[in-house]
Amino acid sequence: MSTTVIPKGTGTKERILRSAELIFGRHGYAGTTLRAVTADAGVNLASANYHFGSKESLVMEMLRQRVAPINKERVQLLEKAKEEAKGKPVCLEKILEALILPLGGAARGPEGPDLSFLQLVGRAFSEPAEFLRRVHDTFFRELAEFFMKEIRRSCPDASEKDLWWNLHFAINAMLGSLSQCRRAETISSGICEVTDLDDMLNRLVAFLAKGFAKPSPHLPANRL
């Protein structure tokens, strides 16, 4: 019996994708099976094989449906910022806004944070490296280069190594802040409300912009 809330009239393919998102979010790639997905969706195994052919194809299509609209909005926001800059370098805060703020809409459900999406984001920290590499190559490699091109213009004196490390730190701060957003509410005794994701992400942008602008310390080679 399905444990995923799926509206009546939803087609078979969409039912499978919704169940795949729930199960992948809970159990990861290794713990996701076509049999478990189809059982949750209330359809037969042959349907999953017909529509997707394999577990990997199913999971990648599920991720594509979630990621593609976010990446499209990211590109649109950065292109808009470039137009407004009129040939000058786009300021770091605008670049980070374009990268981070689109996640707010994706993570917002009708009654608060979309827990299914937040579980999906959390998987970025726990999946095997090979699977994450495939996801990066499919959905994020071109996007990262597109953003890095503007970051280089905004930080002309920074080394390539520093910029890539800083982007890595920014991405992990973004993913961690979203997937663990309830922790902020807990440690602040309710002062930081997880229902206000836009406020959290705007604060994160301001915080990260300061870190990008600060030169990285060059530690002695013998220092850990």
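Modeller: The area buried between domain 1 and domain 2 is about 1700 Å², and carbon and sulfur atoms give 65% of that. Buried area here is the accessible area, taken with a 1.4 Å probe, that two parts lose on being put together, summed over both.

Biologist: Which residues in domain 1 lose the most area to domain 2?

Modeller: They are E21, F24 and Y29, which together give 44% of what the domain 1 side buries.

Biologist: What should I know about the model itself?

Modeller: This is a predicted model, in which local features need pLDDT of at least 70 and side-chain atom pairs count only at pLDDT 80 or more, while totals for chains, interfaces and linings use all residues. Residues are numbered from 1 along each chain as its sequence is written, and side-chain values use heavy atoms, with hydrogens and water left out.

Biologist: Where are the domains?

Modeller: Domain 1 covers 11–53 and domain 2 covers 55–213; these bounds come from an automatic or database domain assignment. Their C-alpha centres lie 27 Å apart. The contact (heavy atoms within 4.5 Å) takes 18 residues from domain 1 and 18 residues from domain 2.

Biologist: How many salt bridges cross the interface of domain 1 and domain 2?

Modeller: The rule finds 1 there, a salt bridge being a side-chain nitrogen of Lys or Arg within 4 Å of a carboxyl oxygen of Asp or Glu. As for E21, its side chain forms a salt bridge with that of R66, at 2.7 Å from N to O.

Biologist: Which element gives the largest share of the side of domain 1 that touches domain 2?

Modeller: Helix α1 does, with 10 residues. Both α1 (12–27) and α2 (34–41) supply at least two residues each. Helices (H or I, at least four residues) and strands (E, at least two) are DSSP runs, numbered from the N terminus.

Biologist: Changing topic, how many salt bridges does the structure hold?

Modeller: It holds 15. One of them pairs E56 with R134, the closest N and O atoms being 3.2 Å apart. This pair links distant parts of the chain, with E56 in helix α4 (residues 55–85) and R134 in helix α8 (residues 129–154), 78 residues apart.

Biologist: What about R123 and E127?

Modeller: Their side chains meet in a salt bridge at 3.3 Å, N to O, and R123 and E127 are both buried.

Biologist: Which residue does E130 pair with?

Modeller: E130 forms a salt bridge with R133, with the closest N and O atoms 2.7 Å apart. Both lie in helix α8, 3 residues apart, about one turn of the helix.

Biologist: Finally, how many helices and strands does the chain have?

Modeller: There are 11 helices and 2 strands. Of the 224 residues in the chain, 40% are buried.

Key
Buried < 20%, exposed > 50% of the residue type's maximum accessible area, 1.4 Å probe, protein only.
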